Amino acid sequence: MNARPYWNPAAETIAPATLARETLAQLQHQLAYVSARSTFYQRKLAAAGRLGRSLASLEALSELPFTEKSELRESQLAIPPYGEHLACAPSEVRRLYSTSGTTGRPTYIGLTTRDIATWREAAIRSFWCAGLRPEHVVPVVVSPFVVAASYADAFETVGTCIPVGVNMTDRLVDAFRFAGANALLCTSSYPLHFAQALAQRDIDPRQLGLKIIFGGGEPGASIPWVRQQIEDTFGCQLVEVSGNGDYCAMAWAECEHRLGMHFSAQGIIYPEIIDPDTGVSLAIEAGVRGELVCTSLQRESQPLLRFRTRDQVLVTHTECACGRTGFGIRIIGRTDDLLIVRGVNVYPSAVRDVIASFAPLTNGILEIQLLQPPPAGWEPPVHIKVEHHAPTTAAAAELKQAIEARLREKLIFRAEIELVPPNALPHYEYKAQLVKKLFT
Ligand SMILES: [Zn+2]
């Protein structure tokens with residue numbers, strides 16, 4: 001198996017200078033393509049004074065306007081279902097995804113035959129990097145969610161795919177007992193939920209034969225306590241992978257060194273990291289934090305220029321012993337979820353880290369409750385419900401005080417902790433909702 005360390009060595013170990021040169025040529029081509037075929041980008045580029053102008057350098061990309069998710073939504077309201085940003089004939093769309101809308105109406109993502117192939121290539125590189133090999137039989141628990149088809153493409157190419165879907169616990173258990181499943185693709189918080197479901201069925205998670213979990217979709221696999229707990233529970237490896245239904249279903253994955261998720265979609269998308277407040281593009285160096293912005297390089301259906309993902313990332317490394325040259329990231333939160341408490345940025349995932357550090361007295365399940373709209377709703381103390389396992393009332397009182405003190409010390413904000421019994425709060429199979437708005 002080690003005879004093939006990379007799926008696509010030419011892409012994954014490309015010299016940075018070569019990649020930069022090739023990326024610039026692709027960007028120029030993609031820009032000319034949208035300028036000719038997308039009324040959405042014709043309008044945006046004209047407004048920015050860039051229509052008909054080429055790119056002199058990679059750095060010049062930062063002079064082009066961003067694309068916001070809200071603009072794509074409005075574009076599809078104007079011309080449903082694909083929107084004004086469709087750059088191919090509708091009849092060339094071969095697969096149609098929808099992404100879950102937080103506003104109630106999904107947005108639609110079309111892929112041409114070639115788009116399907118490039119997304120599949122990025123997914124296979126990523127999963128191979130994460131450890132997927134031909135002997136793996138992989139139930140996919142994220143379907144019917146949009147990007148699952150691209151993941152299935154990857155599993156079908158390398159190993160064996162078992163589409164399962166969410167809320168199908170018995171079917172998933174059967175996949176392990178009767179169908180030889182030995183791997184799992186799910187969101188990062190799902191394995192702990194699955195462990196509870198197994199406990200209710202009197203099944204020992206370590207007897208499933210699970211070797212590797214590909215976890216993604218939310219920060220979690222990279223949080224040391226979450227990873228440790230899941231790996232101990234199932235006796236397997238948990239590897240973090242990431243992508244996005246808008247820009248590329250799967251583009252990032254950890255290798256065996258687990259320093260962060262390698263960028264694996266060379267030649268397919270071009271990632272930038274920006275300061276989310278100023279929009280300035282930042283140099284990609286270890287330790288840099290900012291928002292991930294992605295530009296398509298060869299998309300036919302709905303190419304996106306400088307798409308703001310709203311994912312807050314940390315650059316973990318730019319060199320790795322595995323030989324891959326794609327830089328590494330960890331997702332540290334969402335710009336959308338950010339709370340600003342008296343001028344201090346508070347990421348809900350960071351709050352979860354602190355609370356989870358009290359395990360086993362806590363189980364990492366919490367709900368940050370906003371009683372009023374910001375800024376009043378974010379005035380301290382911030383009300384946080386936390387599930388706990390403290391054995392006595394005295395122990396619970398001590399735990400409450402200790403959590404409040406540690407939040408004050410580590411995250412510099414004042415919280416009012418309300419301890420609640422296990423299972424009092426919702427447990428999510430998909431992305432955990434850490435913040436609950438209790439106002440309309
Ligand atoms: Zn590596």
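Leaving aside residues up to four places away in sequence, I212 touches G131, H136, A183, C236, Q237 and V239. The model described here is predicted.

**Surroundings of I212**

- I212 is placed in strand 6, which covers residues 212-216.
- I212 counts as buried because 20 C-beta neighbours lie inside 10 Å, the cut-off for a buried residue being 20 or more.
- N182 is 30 residues from I212 along the chain, yet the C-alpha atoms of the two are separated by 7.1 Å.

**Packing of helix 5 and helix 6**

- Helix 5 (residues 113-130) packs with helix 6 (residues 148-158) at an angle of about 65°, and their axes are 8 Å apart.
- The crossing of these two helices, helix 5 and helix 6, is right-handed.
- From helix 5, the residues W119, R120, A123, I124, F127 and W128 meet S150, Y151, D153, A154, T157 and V158 of helix 6.
- By class, the residues in this contact between helix 5 and helix 6 comprise eight nonpolar, two polar and two charged.

- An open sheet is formed by four strands in the order 19-18-17-20, with mixed pairing.
- Strand 19 (415-420) and strand 20 (435-437) are the edge strands, each pairing on one side only.
- From one strand to the next, the twist averages 30°.
- Strand 18 (residues 382-388) pairs with strand 19 in the parallel sense over six bridges; E416 in strand 19 is the bridge partner of H383.
- Helix 10 (residues 348-356) packs on the sheet and touches strand 17 (362-370), strand 18 and strand 20. The direction of helix 10 makes about 140° with that of strand 17.
- Helix 11 (residues 393-411) lies across strand 18 and strand 19, and runs at about 145° to strand 19.

**The chain as a whole**

- The chain contains 11 helices and 20 strands.
- For 440 residues, a compact globule would have a radius of gyration near 22 Å, and the chain agrees with this because its own value is 22 Å.
- The C-alpha trace spans about 70 × 55 × 45 Å along its principal axes.
- Of the 440 residues in the chain, 42% are buried.
- Among contacts with a separation of 6 or more, 64% are between residues 24 or more positions apart.

Definitions and conventions. Residues numbered from 1 in each chain as written. Predicted model: local features only at pLDDT ≥ 70, side-chain atom pairs only at ≥ 80, totals over all residues. Axes fitted to C-alpha atoms, helices over the stretch in contact; angles between N-to-C directions. Left-handed = near helix turned anticlockwise from the far one by under 90°. Contact = placed C-beta atoms within 7 Å. Nonpolar A, V, L, I, M, F, W, Y, C, P; charged D, E, K, R; others polar. Buried ≥ 20, exposed ≤ 12 C-beta atoms within 10 Å, placed from the backbone. Rg over C-alpha atoms; globule rule 2.2 N^0.38 Å. Pairing = 2+ DSSP bridges.
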